Amino acid sequence: MLAWDPDNLLVASEENRVVVYRPQAGDPNVTCLPLHSLDIGFVGVKGLAIPQDGRMIAAPSSHRLVVWSADPKLGLANTPTAQLQASRTVLNGHTGEIHALSFAASGSLLVSASRVDTRVRVWDTSAIIASQGTECTTCA
């Protein structure tokens, strides 16, 4: 899965991590240098979502949703990797694999859906930020 953040950073999911790349301007081959490598803590990243303000990255893995929060003053590009990794929040609320996720245009809500458990969950991003570094079942 690939996604662009508002500052033109490329975010890619791999088997058990999310990598943020900074494309190098003027390179005819569009070389991308890794900026952050974030451990998801589970196997099987199935998607990515980034709000329009670029302050979070969300990635589903099976029935869990993992969210990283950037420092709002620094943005995704300038928040230290260790700080991003420490902000990792696991959202529990689905009993089946998550198939879709999206942030609201305002960035205040994150929605996840599962065909398996037939649920659509709406998560409050301010509650996610307040729960940084934990597992959260009450962020919805």
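Q: How many of the residues of S5 are buried?
A: S5 is mostly covered, with 6 of its 6 residues buried. Buried is under 20% relative accessible area, exposed is over 50%, and partly exposed lies in between (1.4 Å probe, protein chains only). Strands are DSSP runs of E with at least two residues, numbered from the N terminus.

Q: What kind of model is it, and what cut-offs apply?
A: This is a predicted model: local features need pLDDT of at least 70 and side-chain atom pairs count only at pLDDT 80 or more, while totals for chains, interfaces and linings use all residues. Residues are numbered from 1 along each chain as its sequence is written, and side-chain values use heavy atoms, with hydrogens and water left out.

Q: Which residues of S5 point which way?
A: Met-56, Ala-58 and Pro-60 point one way, Ile-57, Ala-59 and Ser-61 the other, and all are buried. In a regular strand, side chains alternate between the two faces of the sheet.

Q: What order do the strands of the sheet take?
A: The order is S5-S6-S7-S11, an open sheet of 4 strands with mixed pairing. Two strands count as paired if DSSP finds at least two bridges between them.

Q: How do S5 and S6 pair?
A: In the antiparallel sense, over 6 bridges. Ile-57 stands opposite Trp-68 in S6. The two strands form a hairpin with 2 residues between them, and Ser-62 in the turn has a positive phi of about 60 degrees.

Q: And how do S6 and S7 pair?
A: S6 (residues 64-69) and S7 (residues 89-92) are also antiparallel, over 4 bridges. Leu-65 has Leu-91 in S7 as its bridge partner.

Q: Different topic. Is Val-120 buried or exposed?
A: Val-120 counts as exposed because its relative accessibility is 59%. Val-120 is found in strand S10 (residues 119-124).

Q: What is Val-120 in contact with?
A: Leaving aside neighbours within four places in sequence, Val-120 is in contact (heavy atoms within 4.5 Å) with Val-111, Ser-112 and Ala-113. The C-alpha atoms of Val-120 and Ile-98, 22 residues apart along the chain, are separated by 9.4 Å.

Q: Which residues form the nonpolar patch?
A: Leu-109, Val-111, Val-120 and Val-122, with about 290 Å² of accessible area together. Strand S9 (109-114) and S10 each supply at least two of the patch residues. Patch residues have over 30% relative accessible area and no salt bridge; nonpolar side chains (Val, Leu, Ile, Met, Phe, Trp, Tyr) are joined within 5 Å, like charges within 9 Å. A salt bridge is a side-chain nitrogen of Lys or Arg within 4 Å of a carboxyl oxygen of Asp or Glu. Accessible areas come from the Shrake-Rupley method with a 1.4 Å probe; for residues, only the protein chains shown count as cover.
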